[in-house]
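I opened this notebook to keep track of what I looked up in one protein model, entry by entry.

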Amino acid sequence: QVQLVESGGGLVRPGGSLRLSCTAPRSIFSIYTMAWYRQPPEKERELVAKISVFGTTNYADFVKGRCTISRDNTENTAYLQMNSLKPEDTAVYYCNAYLIASDARDSYWGQGTQVTVSS
């Protein structure tokens, strides 16, 4: 079982910023796509942003211009920089990685980190 470790969530005021991090084990050599999803209270989980191993990025319309996803392949880490946060950004944010582990390709999830935007 591959464990993705997330950090960086918390409570922030509207207009503030947060940077989320997600790290896969150093023993993983092939990570294809890394992505961030979020699940607002009583809603479905939704894609926020994703980044390929080559650095190609895609963003949900609701974060375009406010968030930047990046990755450090040497550290097996993905980041989500979130700016101009709004109360509607409040959600549990989950990291996802599509990678090779034990000679098999599969998708793995982090445990989630709470982001609360409130004054």
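This is a predicted model: local features need pLDDT of at least 70, side-chain atom pairs count only at pLDDT 80 or more; totals for chains, interfaces and linings use all residues.

I then looked up where the two partners sit, and the pair links distant parts of the chain, since Cys-22 lies in strand E3 and Cys-95 in strand E9, 73 residues apart.

Is the disulfide left-handed or right-handed? I looked up the torsion about the S-S bond of Cys-22 and Cys-95, which is about -75°, so the disulfide is left-handed.

Are the cysteines of this pair buried or exposed? I used the cut-off that a residue is buried when its relative accessible area is under 20%. Cys-22 has a relative accessible area of 0%, so I wrote it down as buried, and Cys-95 is likewise buried, with a value of 0%. I also checked Cys-67, which is in no disulfide, and the nearest cysteine sulfur, that of Cys-95, is 15 Å away.

**Entry on the open sheet.** I next traced an open sheet of 4 strands, whose order is E1-E3-E8-E7, with antiparallel pairing. Why do E1 and E7 each have one side left without a neighbour in the sheet? I noted that strand E1 (5-7) and strand E7 (67-72) stand at the edges and have a single partner strand each, so one side of each has no neighbour there. The twist averages 15° from one strand to the next.

As a reminder to myself, strands of a sheet pair through backbone hydrogen bonds, either parallel or antiparallel.

**Entry on E4 and its partners.** I followed strand E4 to E9 and found that 8 bridges join them, with the two strands running antiparallel. Here Ile-31 has Leu-99 in E9 as its bridge partner. I then followed E4 to E5, and these strands pair in the antiparallel sense over 5 bridges, with Leu-47 in E5 as the bridge partner of Tyr-37. E4 and E5 form a hairpin with 6 residues between them, and Glu-42 in the turn has a positive phi of about 60°.

**Entry on Pro-40.** I stopped at Pro-40, which lies in the loop between strand E4 (30-39) and strand E5 (46-51). Is Pro-40 buried or exposed? I read its relative accessibility as 10%, so Pro-40 counts as buried. Leaving aside neighbours within four places in sequence, I found Pro-40 in contact with Glu-46, Thr-90 and Ala-91. I also looked up Asn-83, which is 43 residues from Pro-40 along the chain, and the C-alpha atoms of the two are separated by 18 Å.

**Entry on E9 and E10.** I returned to strand E9 (residues 91-101), which pairs with strand E10 (residues 104-109) in the antiparallel sense over 6 bridges. In this pairing Ala-97 stands opposite Tyr-108 in E10. E9 and E10 form a hairpin with 2 residues between them, and Ser-102 in the turn has a positive phi of about 55°.

**Entry on the whole chain.** How many helices and strands does the protein have? I recorded 0 helices and 11 strands.

I then compared the radius of gyration with the value for a compact globule of 119 residues, which would be near 14 Å, and the protein has 14 Å, which agrees. Along its principal axes the C-alpha trace spans about 45 × 25 × 20 Å. Of the 119 residues, 42% count as buried. Among contacts with a separation of 6 or more, residues 24 or more positions apart account for 54%. Last, I noted that the protein exposes about 6,600 Å², of which carbon and sulfur atoms supply 47%.

Terms used. Residues are numbered from 1 along each chain as its sequence is written. Side-chain values use heavy atoms; hydrogens and water are left out. Two strands pair if DSSP finds at least two bridges between them. Axes are lines fitted to C-alpha atoms, for helices over the stretch in contact, and angles run from 0 to 180 degrees between N-to-C directions. Buried means under 20% relative accessible area, exposed over 50%, partly exposed in between (1.4 Å probe, protein chains only). Contact means heavy atoms within 4.5 Å. The radius of gyration is taken over C-alpha atoms; the globule rule is 2.2 Å times the number of residues to the power 0.38. Accessible areas come from the Shrake-Rupley method with a 1.4 Å probe; for residues, only the protein chains shown count as cover. A disulfide is a pair of cysteine sulfur atoms within 2.5 Å.
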